[in-house]
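Let's take a friendly walk through a protein structure. Have a look at the model first, and then we will go through some of its residues and helices together.

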Amino acid sequence: MAAELTLRVNGADHKLEIDPQTPLLYVLRNDLGLTAAKFGCGLEQCFACAVLADGEAVTSCATAVEAFVGREITTLEGIGTPDRLHLLQEAFLEEEAAQCGYCIPGVIVSAKALLDRTARPSDEEIRVALAPHLCRCGSQPRIVKAVRRAAGT
């Protein structure tokens with residue numbers, strides 16, 4: 001049953017007439033046209049669908065949209081734009097940290113959450129923060145280098 005919900009996404013309020021049990025990922029992709037967060041496992045285990053909710057990296061593929069009402073949601077699209085890349089996005093390009101790129105939006109979102117709370121994380125802190133992300137390309141060493149570059153270390 002549809003209800004009117006207001007979501008704050010990337011700094012803007014969006015009024016939606018939607019089933020409150022719809023997963024946030026579906027709303028972001030299908031209703032708001034924000035396609036950076038990806039559907040991976042659908043079980044909140046691979047983090048391809050990661051977004052920031054009040055600055056914390058969370059999965060969005062299985063959690064109902066109603067759980068995000070009143071929270072500040074930030075997707076990769078809200079972190080930087082093609083014309084104005086965020087420092088993390090620049091670092092990922094410079095370090096060639098993406099191979100297939102499927103997991104990278106979620107990885108960058110989680111890396112941003114880490115850098116927002118820890119300005120100069122150690123390699124171990126970076127690995128722990130990004131551990132939930134399933135990346136099969138073998139880009140992990142370059143991803144760590146990119147996060148270090150963005151942190152200025």
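Ala 48 is buried, with a relative accessible area of 4%. Here buried means under 20% relative accessible area, exposed means over 50%, and partly exposed lies in between (1.4 Å probe, protein chains only). You will find Ala 48 in the loop between α1 and β3. Helices (H or I, at least four residues) and strands (E, at least two) are DSSP runs, numbered from the N terminus.

Please keep in mind that this is a predicted model, in which local features need pLDDT of at least 70, side-chain atom pairs count only at pLDDT 80 or more, and totals for chains, interfaces and linings use all residues. Residues are numbered from 1 along each chain as its sequence is written, and side-chain values use heavy atoms, with hydrogens and water left out.

Which residues touch Ala 48, leaving aside its neighbours within four places in sequence? Ala 48 is in contact (heavy atoms within 4.5 Å) with Ala 37, Lys 38, Gly 40, Tyr 102 and Gly 106.

Next come the aromatic rings. The structure holds one aromatic pair. The ring centres of Tyr 26 and Phe 39 are 6.5 Å apart and the planes stand at 65°, so this pair is edge-to-face. Rings of Phe, Tyr and Trp (its six-membered ring) pair if their centres lie within 6.5 Å; planes under 30 degrees apart count as stacked, over 60 as edge-to-face and the rest as tilted. The two partners are 13 residues apart, with Tyr 26 in helix α1 (residues 24-31) and Phe 39 in the loop between α1 and β3 (51-53).

This table puts the accessible areas side by side:

| Residue | Relative accessible area |
|---|---|
| Ala 48 | 4% |
| Tyr 26 | 36% |
| Phe 39 | 37% |

In α3 (residues 87-94), Leu 88, Gln 89, Ala 91 and Phe 92 are buried. They cover an arc of only 160° around the axis, which puts them on the same side of α3. The arc is that of the directions from the helix axis to the C-beta atoms. These buried residues pack against α2 (76-79), α4 (104-117) and α6 (140-151).

In α6, the buried residues are Ile 143, Val 144, Ala 146, Val 147, Ala 150 and Ala 151. Seen down the axis, they fall within an arc of 160°, so they line one face of α6. Their cover includes α3, α4 and α5 (123-130). After α6 comes Gly 152, with a positive phi near 80°.
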